[in-house]
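This briefing goes through the protein chain, its sheets and its surroundings, topic by topic. Please keep the sequence and the structure in view while reading.

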Amino acid sequence: MPELPEVETIRTGLAEVLPGKRITKFSVSLKKMFQPAPNVPKRLAGRTVESVSRRGKLLMINLDHDLTLLIHLKMTGQLIYREPVPGKDQGTKLVLAGGHPIPTVGGALPSKVTHATFTFYDGSQLFYNDLRQFGYLKLVRDEDVRFVPIVATFGPEPLERGFTAKKFDEMLRRRSTAKLKPLLLDQTFIAGLGNIYVDESLNLAKLHPLRRAGSLNAAQRRALYQAIKSVLRKSIKVGGTSDNTYVTIHGGRGDYLRVARVYHRTGEPCRACRTSIKRMVVAGRGTHYCPRCQRPPKTPKS
DNA sequence: CACTTGACCTGTCCGC
DNA sequence: TGCGGACAGGTCAAGT
């Protein structure tokens with residue numbers, strides 16, 4: 001489930017290796033994954049990567065000829081980069097902390113879950129893997145990027161300068177009846193948070209997931225603002241969260257789970273008060289919280 | 001508008 | 001050991 005820190009880690013990795021590289025071959029084995037807009041040439045071979053950017057959880061590969069490739073990894077998408085291998089090939093098998101092998105990385109690429117492959121002029125390659133096939137690669141003209149529905153409706157970027165405490169305060173007050181968990185998951189409210197970092201942010205701010213935005217006082221709104229930024233920055237610093245299929249472009253893991261406050265820590269002691277972390281379902285998603293630090297609203301039932 | 005549910009997918013895990 | 005089903009969660013469309 002790549003969220004903002006994971007996508008940002010991937011973006012940084014790609015930005016170190018791709019700019020200036022010309023694509024000599026692009027192959028797609030699962031047609032639905034590659035979605036060229038009707039008004040663009042579908043051929044990627046010949047295009048050169050200019051830069052790599054990100055908006056929310058959406059990765060943007062900026063190409064020459066005024067084209068942009070939008071990549072959404074959804075839950076299980078991976079982008080793996082390989083330098084040309086002189087002679088033989090094959091890396092060692094990567095294993096997660098829990099001992100579970102990462103399903104789609106390690107050994108030969110392309111694998112059975114590789115759905116698109118870029119080959120560059122120098123022989124280096126970029127593989128798009130996606131176990132559950134929810135992700136996509138959309139090719140659009142630069143000037144049309146802002147009209148792509150998901151881009152057009154994105155809320156503010158939580159780590160950009162424009163996202164101020166004052167702005168967030170106003171946003172929360174405008175959505176006073178919304179519950180915090182579904183609200184923070186809403187990409188049109190704020191872009192980039194997913195299940196992991198919503199739970200982490202709410203715990204750090206000591207706010208229950210079912211609290212209504214309008215029930216927060218000024219100090220709590222401020223605490224939530226700080227918590228969101230703090231959690232995202234911390235995760236980016238350690239390369240994101242690898243609890244399942246997420247890996248960096250070199251097949252490495254993100255270390256955020258080691259310092260996670262509540263996510264995937266059901267039954268483990270709260271880092272603040274040692275109370276056992278609980279799990280509930282909110283908005284159809286597993287929600288982790290500390291029942292002591294995050295006290296439920298007065299009227300818990302919706 | 002606020003929110004939920006189901007669909008899209010496939011691998012893992014749990015209970016029997 | 002094998003099997004069925006729940007579960008994982010980002011986004012969108014449809015429903016309450």
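Pro110 lies in the loop that runs between strand 6 and strand 7 (114-120), and the peptide bond leading from Leu109 into Pro110 is cis, with omega near 0°. The model is predicted, and chain A has a mean pLDDT of 88, with 92% of its residues at 70 or more.

**Overall form and confidence**

- Chain A contains six helices and 11 strands, and its C-alpha atoms fill a box of roughly 65 × 45 × 30 Å along the principal axes.
- The radius of gyration of chain A is 20 Å, which agrees with the value near 19 Å that a compact globule of 302 residues would have.
- Among the elements of chain A, strand 3 (residues 49-55) has the highest mean pLDDT, at 97, while strand 10 (residues 278-282) has the lowest, at 88.
- Over residues 88-105 the pLDDT stays under 50, and for this stretch the model has 33 contacts beyond four places in sequence.

- Five strands make up an open sheet in the order 2-9-5-4-3, with mixed pairing; strand 2 (34-36) and strand 3 are its edge strands, each of which pairs on one side only.
- Neighbouring strands of this sheet are turned against each other by 20° on average, when direction is ignored.
- Helix 1 (residues 4-17) packs on this sheet, where it touches strand 3 and strand 4, and the direction of helix 1 makes about 170° with that of strand 3.
- Strand 3 and strand 4 (residues 58-63) run antiparallel and are joined by six bridges; across this pairing, Val52 stands opposite Ile61 of strand 4, and Ser51 stands opposite Asn62 of strand 4.
- The hairpin of strand 3 and strand 4 has two residues between the strands, and in this hairpin Gly56 takes a positive phi near 60°.

- Four strands form an open sheet in the order 1-7-8-6, and the pairing here is antiparallel; its edge strands are strand 1 (23-28) and strand 6 (77-82), each pairing on one side only.
- In this sheet, neighbouring strands are turned by 15° against each other on average, with direction ignored.
- Strand 6 is joined by six bridges to strand 8 (residues 125-130), and the two run antiparallel; Gln78 has Asn129 of strand 8 as its bridge partner.

**A further backbone detail**

- His65, in the loop between strand 4 and strand 5 (67-72), has a phi near 60°, which is a positive value in a residue other than glycine.
- Most residues other than glycine have a negative phi, and most peptide bonds are trans.

**Surfaces near the DNA strands**

- DNA strand B is surrounded by 15 residues, of which the closest are Arg132, Ala178, Lys179, Ala283 and Gly284; by class, the surface near DNA strand B comprises seven nonpolar, five polar and three charged residues.
- DNA strand C has 16 residues around it, and those that come nearest are Met1, Ile150, Gly194, Asn195 and Gly286.
- The surface near DNA strand C divides into six nonpolar, five polar and five charged residues, and helix 2 (149-152) and strand 11 (285-289) each supply at least two of its residues.

Key. Residues numbered from 1 in each chain as written. Chains lettered and ligands numbered in written order. Predicted model: local features only at pLDDT ≥ 70, side-chain atom pairs only at ≥ 80, totals over all residues. Near = placed C-beta within 6 Å. Nonpolar A, V, L, I, M, F, W, Y, C, P; charged D, E, K, R; others polar. Pairing = 2+ DSSP bridges. Axes fitted to C-alpha atoms, helices over the stretch in contact; angles between N-to-C directions. pLDDT = per-residue confidence, 0-100. Contact = placed C-beta atoms within 7 Å. Rg over C-alpha atoms; globule rule 2.2 N^0.38 Å.
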